Every structure is written in C-alpha cells, then in structure tokens.
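Try each task before you read its solution.

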Amino acid sequence: MDTTEVATRLAAVCDLIEEHRKSGAPICATRAAAISAMIDDVAAAAATGGTRIDSGACSYEEVDGDDELGVGLSGLVVRARLRATGEDVAVKSLHADPGCGGGGIGRLLREACFMVACGGHPSLVALRGVAMDNGGHSLVMDYVGPNLLDVLRARGRRRPFPEADARRVMRQLLAGAVEMHRHGIVHRDIKPENVLVAATGCGGVVKICDLGSAKSTAERSPPADIAGTMEYMAPEVLARSACGHGVPADAWSLGCVMAELLTGEPPFRGEDQADQLREIFDVLGAPEESVWEAMRPRLSAVLASEVKQWRARQRQVRHRSRLREVIPGEVLSDEGFEVLKGLLTCDPEKRMTAAAALRCAWFADEVEEDARVPAAATSSAGCAMSLAITA
Ligand SMILES: Nc1ncnc2c1ncn2[C@@H]1O[C@H](COP(=O)(O)OP(=O)(O)OP(=O)(O)O)[C@@H](O)[C@H]1O
Ligand SMILES: [Mg+2]
C-alpha cells in the first residue's frame, strides 16, 4: 500500500477531528467509534499486520503497586496488564475533566491515528488499541521503559553518553523520524521525555512516544497552535514563521537531543522564546538577512528590531558558529559533528533531513554494532544501566 494513501487517509481523520474541535461539538461515543473505524483503515493501509483498533482485544487490568508512569496536561499514563495475554502495557487516559469537552478525545484519537499510520516501526511506540472504559477513551500501548530524560538524569550531568551510545540512540531516533516524515507526520515535540528506553530484553533500544502534538502535512487546516517544548523548538517555530512546524522542525529537535546526549544538557536554554532565539543565534550566528526574510518571521515588532541589532553586532565582530566549541572534538568526532551541525542549521531549507543524516559517514559502520546490543536488562533501572555501561 502506498505512502500517499496512508497520508491521505490520515489527513481525512485529522480533518474530521479538527472540524469537531472548531465547532465546539463534543465527540459522542458513536462518532468516536466511527473515527476509530477510520483509524483502523489507516492502520490497515499503513502496515503489513498493522494495529487493529479493537477495544475488545485490548482490555486491560491494573497492576499492583506504583503504576503511574507519567502525568501530562491532558492525561495520565499508567502501567497495566493485558487481560488476554498478561503482557505489560502502558495506558494513556484523559484526566476526568468535564471541561475538556471534545478536545481531549480528539487529541487522543489523533494520537492513535498517527501511531497506527507508522505501522509498528521499531523506533516508534506501538499502539495496541483504543480502549473504552468508564465512559472514557484510553490509548493502550506496548510498555517500553523509562523515558530518556529520567535515564539522563540518573546518570547525572557529569556522565553524559559516550559518542558510541549517542550514535546508537540517534540512529534509531532518526529512523523513527524518517518513518513519520514519510507519512507526512510532523511530531512537533521530540525531546528526551518523549523518548522511551526499552526496559527488557534489549538494552540500548529506544522508541519515540507521545504523538499527541503531531500534525499531518496533508491536513486541510492543521492546528494553528505553536506546539513543542521551548528548548527543542526550531528557530522558525520560535519566530512563528509561516513555514514553522514543517518536517525540518523535527530535525532541529533531534539535533538538540543529540547535543544533550553528549553533554547532559539541552544546547540552548533561553528564559523565554525570544531569549531562546537569542541563545541559538549566539552559538550559531544569526542567519543571513535573506534567510531570515525567507522564513517570514512573525515576531513582535520589538523582537524583530532586536534581531536586526544582534545581526548587525555579529557582523561587526565577524561572528562565526561556536558550535564546535560547545561540542568539542574530545566529545564528538568530525563524522558525528557533521550530523550535529547539519541538524542544527538555522535555515529550515538547508537543514539536514533525518534521511540524509542517516546516510552520513557517522552511521556507516554501525550495523554490526547494532547487532550486538548490550546484554538483556530486566528492570527499568537495569535498562538505564545497560545504556550507561556500553561505553
Ligand atoms: N508506552 C510507554 N511505556 C512506558 N512508559 C510510557 C509509555 N508511554 C508513556 N510513558 C511514560 O509516560 C510519560 C508521559 O507520556 P506521554 O509523553 O505520552 O504523555 P504526556 O506528555 O503526558 O502527554 P501530552 O503531552 O499528550 O499531554 C512519558 O514521558 C513516559 O515516562
Ligand atoms: Mg510527553
């Protein structure tokens, strides 16, 4: 089945959900079931053996003890067990907030749709189904393990990942991004918290999760909101550019994650969005005027004039990119730096794509390395260790 068909079906579901959101009409159970059936079609089109959206097949039960995996703005993720098979799953449900209206369900169904469109790619969390319980909807996913932010924090700032581990992680994340982008899906919120590290059987395996902010490039009227997490937002997103939130925005976020794996911190940390842009330009240099104009920034007048001043000042001092000072040769080889520099390119038109990054020399000899993943780890703590000891 061809990619375009997946993208078209995906966009049709998203458009329907967006129409609901705009009209303010809540998505009733019958409509939700109809949307689920459409999502099932997306799954069938996307993959050989694609996920069936079947609420019966993913009936789950709670597990004893500390089952909370994450709490977000819109919902809660808990660990549970599939009744039929006893397998561990993670269940994402909406907060019981009547004020949510149809928006919350819409977001959850969109997320389901994006997940199935990627057809169980190994670098993306797999959806088992959408469950209906207590009158609400939940996403039932494979349980993976702790998120990468927790793993990074457990290592502490002084022990970021060695280059070989960073490369292994990046190879998988880039492959996941290629799969999403192939289907016209922009994740819009790639960051360590939205990357899961496999807890059992396969140390060093990571998967992208949380497609709750994603959009399809084929949607008629994609959500206009600015999505994402400031530290990982591309310049064009921060500048509220007309071209913001295209697939290059994900490539930028992946560059930020790569730098964080190597240094233990996100590379740019502003206090607000304007300051974030300033931090980026301070390291990379402000983009040329033509590039900036092409991005058609919609900044406030004050910030726009500030950017002009930074650029003039940088020209005076012949500012060049300081990225190599931030990530020096002891931390990252020239081959790795080629990937980092490519992803962290201000101009979205010139930014390296995820597919191009995977073709770089840095990844040329990793196939063998991937085959001998570290010994199986048996718990989430063990998993963190398994990534930690593969220097
Ligand atoms: N499949 C999974 N397996 C294990 N843990 C998971 C899984 N999915 C999510 N989690 C945990 O729950 C956390 C929150 O999940 P997620 O990022 O999907 O939701 P969120 O950020 O709360 O959602 P939203 O941004 O849509 O409000 C993750 O950071 C991770 O720690
Ligand atoms: Mg999240």
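**Exercise 1.** How many residues lie between β2 and β3 in their hairpin?

*Solution.* A bit of bookkeeping comes before the count. This is a predicted model, where local features need pLDDT of at least 70, side-chain atom pairs count only at pLDDT 80 or more, and totals for chains, interfaces and linings use all residues. Residues are numbered from 1 along each chain as its sequence is written, while chains are lettered from A and ligands numbered from 1 in the order in which they are written.

- Step 1: find the elements, which are DSSP runs numbered from the N terminus (helices: H or I, at least four residues; strands: E, at least two). β2 covers residues 68-71 and β3 covers residues 75-82.
- Step 2: check the pairing, which takes at least two DSSP bridges between two strands. β2 and β3 have three and run antiparallel, with Val-71 opposite Leu-76.
- Step 3: read off the hairpin: three residues sit between β2 and β3.

**Exercise 2.** Which residues of α4 are buried?

*Solution.* 

- Step 1: apply the cut-off for buried (20 or more other C-beta atoms within 10 Å of the residue's own, with C-beta atoms placed from the backbone). In α4 (residues 148-155), Leu-148, Val-151 and Leu-152 are buried.
- Step 2: these buried residues line one face of α4, because they fall within an arc of 100 degrees seen down its axis (the arc of directions from the helix axis to the C-beta atoms).
- Step 3: look just past α4, where Gly-156 takes a positive phi of about 85 degrees.

How values were computed: Buried ≥ 20, exposed ≤ 12 C-beta atoms within 10 Å, placed from the backbone.
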